[in-house]
Amino acid sequence: MAKSPFDIKLPFKPAGDQPKAIKQLYENLKSGVKEQVLLGATGTGKTITFANVIEKYGKPTLVLTHNKTLAAQLYRELKELFPDNAVEYFVSYYDYYQPEAYLPEKDIYIEKDSSINDAIDRLRHSATKSLIERPDTIVVASVSCIYGLGTPEFYEKLRLHLYIGQEIDRQKLLKKLIELQYVRDDYSFKRGTFRVKGDTVEILPSHTEDTIIRVEFFGDEIENITELDIFNRSPKRNLQTTVIFPASHYVIPRPDMLQAIEQIKKDLEKEVEEFKKQGKEIEANRLWQRTNYDIEMMLELGTCKGIENYSRYFDGRKHGEPPYTLLDYFPDDYLLIIDESHVTIPQVRAMYNGDRRRKENLVKYGWRMKSAFDNRPLKFDEFLQKIERAIYVSATPADWEIERSKGIIVEQIIRPTGLLDPVIEVKPTEGQIDDLISEIWKIKERDERAIVITLTKKMAEHLADYLQEREIKAIYLHSEIDTIERAKIIKETREGKYDVIVGVNLLREGIDMPEVSLVAVLDADKQGFLRSTTALIQIIGRAARNENGRAILYADIITPAMQKAIDETNRRRKIQEEYNKKYGITPKTVEKEIKDLINLEELGIYEYYEEIPENISSEEQLLEEIEKLEKQMWEYAKNWEFEKAAQLRDKIEKLKKLAVAL
């Protein structure tokens, strides 16, 4: 078998259940198993396991997860493990997104409004570029990767190869750059732009933000190609050849665009005629005017606002056929790893229906042609058809993953640390608050922390206030608290400012606190999503990083969900106990450094919280600050004050990395 293009750099050897899980997963892949489950208990090092499998399998890999923060965490971890390979990040590039919509009951049309995060857009281009050029590519993505993207055929076909000695008219090069949707800008120099000075053309490619490609001509021949630093303009290296990728994923050759526009016109006439037959003159006129305006813009500029709504014409797809997505940029034999699959899979399943419902009114009332339906995420069955090899990773895999994998489950239960799953105790709901207070005082004496789960946000707030009245330092944590404040609360709890965090759904908050030795679930016998077997196992696992870990379920009856969670936790606990006894391991609480902004710095996203201005307390304010600093930076660059511009560039880079995680 050919040598793998991946080279993992591990600071330690796999331990516990990891070697066995790595071997089983890889052997299953080699034997042709299409889908399998990695059931990895909390704290067993699932990332290390599938990273080793990636190296052994040696194929381009997509790691799919359900939100930006977890994607950023995995991206950082995999970049550290694979420093010599192409580890990329692909998530939604919108800082703000208001989709186009029409509310017929109020006759209100809401125009699409969005703010694109330039740093994330660059990373998306870097990901598609790596997939085309390198076999050693790992892309960490959120579920936005199943949304329509330009065709990889055009993206690859239209890339511009330049090399020393190449005969190409300078004007032809400029025209080609414009076709690739680059913009000429001789003053400010941003990603996706170019400038011209005599016989020199300078390009800032779509996949980078700090490197200029300088192309120097002698007549109609390329004489030199140089990489320059964008701020001090010093040469980085001389190149023999370079490749310029399109500035947009929605790029199309001019002849194909003209052909597509002809088809748009034909379909427009049919749809307008349909409205007129139904007596809908307003809708007919609206569709005719809006679409013809878009056509004029496409003919003049090569694009228009909402061009993605015509994507099937450019891609050559028929109505109803699936769109091209990031998955189409991967080779056929790629490996798919779905992290936290019990959450990620339902998100993938739900994306299409939500998008379809919004667009039905737009088409029905003449705001968009029917082709808008084909600018969409993949349907769930279409997504499944694109799976060649998949590993579903979760501490609590759902029935769907288990059935889909035909029962092929690789377990990773044993923790190298020897830590056991928490001891579970069921107590009656009568007097549960008084009993809870008594239990919290016990852990306070050991300088440990507690997590308490309530049914509603109001209950969480009231309970936190009540505990404070009883001289217990408590605080509530829920989804309405912004990311920066949430991270601050977690850090301060670890430091001892708070004894207890109270919340409704702390499963997705990124809480990783070894100091937590008690998890208490109030009204655990109330049926529902947050009291399901999966949810209970996940929350019980929050106390699995402490040698004194305990979980108390306050309930008057033991529901089937509770019983399954108790049985599974006890099963895992027994396996770990036997391992510890066999190898003479004494469980010891995980020691983890307490850092500022724990769930951001731990991601490797942001290092200097003190650099955020004091007036910044929300994501929106952070983005406004970035925009203000960028304008100031380009003003410095325009005035040749490159040292000041470079200082602002470094600060902006840190703030952008923080924004990526929000």
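This note comments on selected helices and aromatic contacts in the structure above.

1. The structure is a predicted model, in which local features need pLDDT of at least 70 and side-chain atom pairs count only at pLDDT 80 or more, while totals for chains, interfaces and linings use all residues. Residues are numbered from 1 along each chain as its sequence is written, and side-chain values use heavy atoms, with hydrogens and water left out.

2. Helices (H or I, at least four residues) and strands (E, at least two) are DSSP runs, numbered from the N terminus. Helix H17 covers residues 560-583, 24 residues in total. The expected span of a helix is 1.5 Å times one less than its number of residues. After H17 comes Gly584, which has a positive phi near 65°.

3. Buried means under 20% relative accessible area, exposed over 50%, and partly exposed in between (1.4 Å probe, protein chains only). Among the buried residues of H17 are Ala561, Met562, Ile566, Arg572 and Tyr579. The buried residues of H17 pack against strands E1 (35-40), E20 (423-427) and E25 (550-554) and against helix H16 (533-540), where contact means heavy atoms within 4.5 Å.

4. Rings of Phe, Tyr and Trp (its six-membered ring) pair if their centres lie within 6.5 Å; planes under 30 degrees apart count as stacked, over 60 as edge-to-face and the rest as tilted. The count by this rule is 10 aromatic pairs. Tyr392 and Trp400 form an edge-to-face pair, because their ring centres are 5.7 Å apart and their planes lie at 80°. Tyr392 is buried at 0% relative accessibility, whereas Trp400, at 22%, is partly exposed.

5. Which kind of pair do Tyr579 and Tyr583 form? Their ring centres are 4.8 Å apart and their planes are at 45°, so the pair is tilted. Both belong to helix H17, where being four residues apart separates them by about one helical turn. Tyr579 counts as buried, at 17% relative accessibility.

6. Helices H7 (residues 254-277) and H8 (residues 281-301) pack at an angle of about 175°, with their axes 9 Å apart. Axes are lines fitted to C-alpha atoms, for helices over the stretch in contact, and angles run from 0 to 180 degrees between N-to-C directions. H7 is therefore roughly antiparallel to H8, a term for angles over 145 degrees. Residues making the contact include Leu258, Ile261 and Phe275 of H7 and Leu287, Trp288 and Ile295 of H8.

Notes: Angles under 35 degrees count as roughly parallel, over 145 as roughly antiparallel, 65 to 115 as roughly perpendicular and the rest as oblique.
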